[in-house]
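Here is a short briefing on a predicted model. Start with the strands, then turn to the helices and the pocket.

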Amino acid sequence: MIGRLHGILAEKQPPQIVIDVQGVGYEVEVSMQTFYTLPAAGEAVRLYTQLIVREDAHLLFGFADAGERATFRQLIKVSGIGAKTALGILSALSSDELAQAVAQEDVKRLSSVPGIGKKTAERMILELRGKLAGSSAADTALFAAAAQDSRQDVVQTLMALGYSEKEAQAACKSLPDDVEVGEGVRQALKLMVK
């Protein structure tokens, strides 16, 4: 397995580059995200790599950072997504953008990537949920936003029932984070009656 290359960037022809490592030229395919971070030809370069062995070829893919390589490795595990398609996805979306799209179940954004249809986008969401770097942070942010929205709905409902905003806010402070609106209103009313 070739995990990383450090050498001189000999050629740049997107999406393929050649890295000269002590006289051996390695042909490496890179995403456009990585391509734009590369130095000029003739300068030193270091890339994380993934070797894909097929029956008819040995293909080397390069990445600017370990996070992008980890995302690539997760993508090629998804049914129906090969190495070239995964590289195309990483050319269209950064690792963080992909993690965010998966966390938000944004089928439209994922299917806007060339070569990805609606069904493949849905499969990606299903198979990648919680597996991408940064997705746990995105999930946490979405969960916090949803909890805040449900608490605000409980406050609004209590105010519609005639309670002041101050009373409603105070009752909602003791509610669990994952409470649904209906259950939250019931629990808040019980607290306010005591």
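Glu11 stands opposite Val18 in strand S2. S1 and S2 run antiparallel and are joined by 5 bridges. Two strands pair if DSSP finds at least two bridges between them. Strands (E, at least two residues) and helices (H or I, at least four residues) are DSSP runs, numbered from the N terminus.

This is a predicted model, in which local features need pLDDT of at least 70 and side-chain atom pairs count only at pLDDT 80 or more, while totals for chains, interfaces and linings use all residues. Residues are numbered from 1 along each chain as its sequence is written, and side-chain values use heavy atoms, with hydrogens and water left out.

**The barrel**
- The barrel is closed by 5 strands in the order S1-S2-S3-S5-S4, with mixed pairing.
- On average, neighbouring strands of this sheet are turned by 55° against each other, direction ignored.
- Axes here are lines fitted to C-alpha atoms, for helices over the stretch in contact, and angles run from 0 to 180 degrees between N-to-C directions.

**Strand pairs**
- S1 (residues 4-13) pairs with S4 (residues 44-53) in the antiparallel sense, over 5 bridges.
- In that pair, Arg4 stands opposite Tyr48, and Gly7 stands opposite Val45.
- S2 (residues 16-21) and S3 are antiparallel too, paired over 6 bridges.
- Gln16 of S2 stands opposite Glu29 in S3.
- S3 and S5 pair in the parallel sense, over 2 bridges.
- Glu29 also stands opposite Phe61 in S5.

- Most residues other than glycine have a negative phi, and most peptide bonds are trans.
- S1 and S2 form a hairpin with 2 residues between them.
- Pro15 sits in the loop between S1 and S2.
- The peptide bond joining Pro14 and Pro15 is cis, with omega about 0°.
- The hairpin of S2 and S3 also has 2 residues between the strands.
- Gln22 lies in the loop between S2 and S3.
- Although Gln22 is not a glycine, it has a positive phi of about 55°.

- Contact means heavy atoms within 4.5 Å.
- Helix H3 (residues 83-92) lies across S3 (24-30), S4 and S5.
- H3 runs at about 15° to S5.

**The largest pocket**
- A pocket is found on a 1 Å grid over the protein atoms alone, as an open set of points where a 1.4 Å probe fits, with protein on both sides within 12 Å along at least five of seven lines. Lining residues have an atom within 4 Å of a point.
- The largest pocket has a volume of about 160 Å³. Volume is the space filled by probe spheres set on the grid points, which are joined across faces, edges and corners.
- Its lining has 11 residues, and Gln33, Asp65, Glu68, Ser94 and Ser95 lie nearest its centre.
- H1 (32-35), H2 and H4 (95-103) each supply at least two residues of the lining.
- The lining has 2 nonpolar residues (Ala, Val, Leu, Ile, Met, Phe, Trp, Tyr, Cys and Pro count as such), 3 charged (Asp, Glu, Lys and Arg) and 6 polar (the others, Gly among them).
- Where does the largest pocket lie? Domain 1 (4-63) and domain 2 (66-128) both give residues to its lining, so the pocket lies between them. The domain bounds come from an automatic or database domain assignment.
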